[in-house]
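User: Please take a close look at the surroundings of one ligand in this model. Then set that part in the context of the rest of the chain.

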Amino acid sequence: MPLAPQRADVPVTIDESKCIDGCTLCVDMCPLDSLAIDEDSGKAYMHVDECWYCGPCAARCPTGAVTVNMPYLLR
Ligand code: SF4
Ligand code: SF4
């Protein structure tokens, strides 16, 4: 299985140390299904490099683990 990318240049990064096992809120919120839970680690990650920068994934995360890396031109 390919390693989940956690590069700074993907649209959304997730701090695995803050992600709660068993939580799927950000995955459930994403209209594009861009986020998923890694089967091995149990943590959320961006598995499709596609994003509308709409923000509910970050807004709903109870621990603030999700960062939406807004492109400069959209700010
Ligand atoms: S910002 Fe929107 S499209 Fe991007 S990962 Fe979060 S919920 Fe999905
Ligand atoms: S909402 Fe936060 S704690 Fe829940 S799965 Fe997503 S990143 Fe992890």
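Analyst: A contact here means heavy atoms within 4.5 Å. On that basis, residues 24 or more positions apart account for 51% of the contacts in the protein chain with a separation of 6 or more. Keep in mind that this is a predicted model.

Start with ligand 2. Its surroundings are Ile14, Cys19, Ile20, Cys23, Leu25, Cys26, Ala44, Cys61, Pro62, Ala65 and Val66. By class, that shell has eleven nonpolar residues, no polar ones and no charged ones.

Cys19 is one of the residues around ligand 2. Setting aside residues up to four places away in sequence, Cys19 touches Ile14, Lys43, Ala44, Thr63 and Ala65. Cys19 also belongs to the largest nonpolar core. That core has twelve residues: Val12, Ile14, Cys19, Cys26, Val27, Leu35, Ala44, Met46, Cys57, Cys61, Ala65 and Val66. Three elements each supply at least two of its residues: strand E1 (12-14), helix H1 (25-29) and strand E3 (44-46).

Now compare ligand 1. Around it sit Val12, Cys30, Pro31, Leu32, Met46, Cys51, Trp52, Tyr53, Cys54, Gly55, Pro56 and Cys57. The shell of ligand 1 has eleven nonpolar residues, one polar residue and no charged residues. Cys30 counts as buried because its relative accessibility is 15%, and buried means under 20%. Cys54 is at 47%, so it counts as partly exposed. As for cysteine pairing, the structure holds zero disulfides.

Next, strand E2 (residues 35-37), which includes Ala36. Ala36 is buried because its relative accessible area is 14%. Leaving out neighbours within four places in sequence, Ala36 is in contact with Val27, Lys43, Ala44, Tyr45 and His47. From Ala36 to Met46 is ten residues in sequence and 6.4 Å in space, C-alpha to C-alpha. Met46 is a member of the largest nonpolar core and is also among the residues around ligand 1.

Last, the whole chain. The protein chain has two helices and four strands. From the N terminus, the order is β-α-β-β-α-β. Of the 75 residues, 28% are buried. The chain exposes about 4800 Å², and carbon and sulfur atoms supply 55% of that area.

Note on methods:
Residues numbered from 1 in each chain as written. Chains lettered and ligands numbered in written order. Predicted model: local features only at pLDDT ≥ 70, side-chain atom pairs only at ≥ 80, totals over all residues. Heavy atoms only, no water. Core = buried A, V, L, I, M, F, W, Y, C linked by side-chain atoms within 4.5 Å. Buried < 20%, exposed > 50% of the residue type's maximum accessible area, 1.4 Å probe, protein only. Near = heavy atom within 4 Å. Nonpolar A, V, L, I, M, F, W, Y, C, P; charged D, E, K, R; others polar. Disulfide = S-S within 2.5 Å. Areas by Shrake-Rupley, 256 points an atom, 1.4 Å probe, with all protein chains shown as cover.
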